[in-house]
Amino acid sequence: MSISTSPVPTVITAKPVVLPAPGRGEDLQVAVTAPASGSGLPVIVFSHGFSWSMDGYAPLADHWAAQGFVVLRPTHLDSRTLGIPADDPRTPRIWRFRVEDLKRILDGLDVLEAAVPGLAGRVDRDRIAVAGHSWGAQTASTLLGARVLDADGVPGEDLSDPRVTAGVLLALTGLGDSLTPFAEEHLPFMRPDFSTMTAPALIVAGDHDDSALSTRGPDWFTDGYTHSPGDKRLLTLFGAEHSLGGIPGERVAETTDESPARVALIQRLSTAFLRDTLHPGDPAWKAEAAALEADPEPLGRLYVKS
């Protein structure tokens, strides 16, 4: 067994960087994670799952930054760090505030760049991706073209953003036709329409992710792949539950299936996918896909459609 002697890239995180957010009730707090060196750095805007914050998902943010990306993580209004009660008048629109948070970050790139010493001028504004986990994946999917159906099944407003090129959607919630009574009552926005989600996306699902919000079982989390057009890739992880091996962080209560190997696979494949879509011609994706297919004991299976 050989031990790599390659230097570990230095990663810097600045937080909280505060963006004014009139009408939101709280200014928007953002964590900016970036490599200490390099130029032409693409951007990933990451939306956390329910109740998390900009402090979570370090296994992804730190890895992506070490690979040459600038990662921007907002704290959404549903974060437990803000303590907003369920009867707050903003609650019915929190899903929209989440989408607006991501767009506000794109609007505020100058401020976010300036928050990290030496980062200004090193960011590639033409290469932007979104990513998210669980509710955050649905949030990110709207910028890729997904819509939310109203009570009559009519697609709502187009919230896609032309600045966004691609997405990584982790444990993306599925269609609303199999919601449990609790989800129907309390989460009416969880009725996505993926037929207009045309932007390239990597969707990651666990085959043991059995949500209490749907009656369908783990295949619910593959709907974004099945029902969307264009370049889509699906990684199904064997034995993975909702935390997909621990992407929110190490040794946290939400991680019920801790597996560093699964997290490492997501790190590698998501990085390769982003390089492939943001830098066409990059060989990383073909290499990682081939390695997974050739693995005699694979951690998951990859599906691709175009």
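How many of the residues of strand 10 (residues 232-237) are buried? In this predicted model, 6 of the 6 residues of strand 10 are buried, and the strand is thus described as mostly covered. Here, buried denotes a relative accessible area under 20%, exposed one over 50%, and partly exposed a value in between, as found with a 1.4 Å probe on protein chains only. Strands (E, at least two residues) and helices (H or I, at least four residues) are DSSP runs, numbered from the N terminus. The model is predicted, and local features need pLDDT of at least 70, side-chain atom pairs count only at pLDDT 80 or more, and totals for chains, interfaces and linings use all residues. Residues are numbered from 1 along each chain as its sequence is written, and side-chain values use heavy atoms, with hydrogens and water left out.

In a regular strand the side chains alternate between the two faces of the sheet. Both faces of strand 10 are covered, with K232, L234 and T236 buried on one side and R233, L235 and L237 buried on the other. Two strands are taken to pair if DSSP finds at least two bridges between them. Strand 9 (residues 201-206) runs parallel to strand 10 and is joined to it by 6 bridges; within this pairing, A205 has T236 as its bridge partner. Strand 11 (residues 300-305) pairs with strand 10 in the antiparallel sense, also over 6 bridges, and R233 is partnered there by V304.

Side chains of opposite charge can pair when their charged atoms come close. A salt bridge is defined as a side-chain nitrogen of Lys or Arg within 4 Å of a carboxyl oxygen of Asp or Glu, and the whole structure holds 19 of them. One of these links D107 to R163, with the closest N and O atoms 2.7 Å apart. Because D107 belongs to helix 2 (residues 94-107) and R163 to the loop between strand 6 (147-148) and strand 7 (166-170), the pair ties together parts that are 56 residues apart in sequence. D107 is exposed, at 58% relative accessible area, whereas R163 is partly exposed, at 31%. Salt bridges that share partners also join K103, D107, D161 and R163 into one network.

A further salt bridge forms between E113 and R125 (2.7 Å, N to O). E113 lies in helix 3 (residues 109-114) and R125 in strand 5 (residues 123-133), so parts 12 residues apart in sequence are tied together. E113 is buried at 8% relative accessibility, while R125 is partly exposed at 35%. The side chains of E288 and R268 likewise meet in a salt bridge (3.5 Å, N to O). This pair connects helix 8 (residues 284-294) with helix 7 (residues 260-278), the two residues being 20 apart.

A pocket is an open set of points on a 1 Å grid over the protein atoms alone, where a 1.4 Å probe fits, with protein on both sides within 12 Å along at least five of seven lines; lining residues have an atom within 4 Å of a point. The largest pocket contains about 960 Å³ of space. Its lining comprises 37 residues, of which F50, S51, W135, L187 and L213 lie nearest the centre. The second largest pocket contains about 170 Å³. Residues lining the second largest pocket include F238, A289, R301 and V304, and the elements giving two or more residues to this lining are helix 8 and strand 11.

Methods: Points joined across faces, edges and corners; volume = space filled by probe spheres on them.
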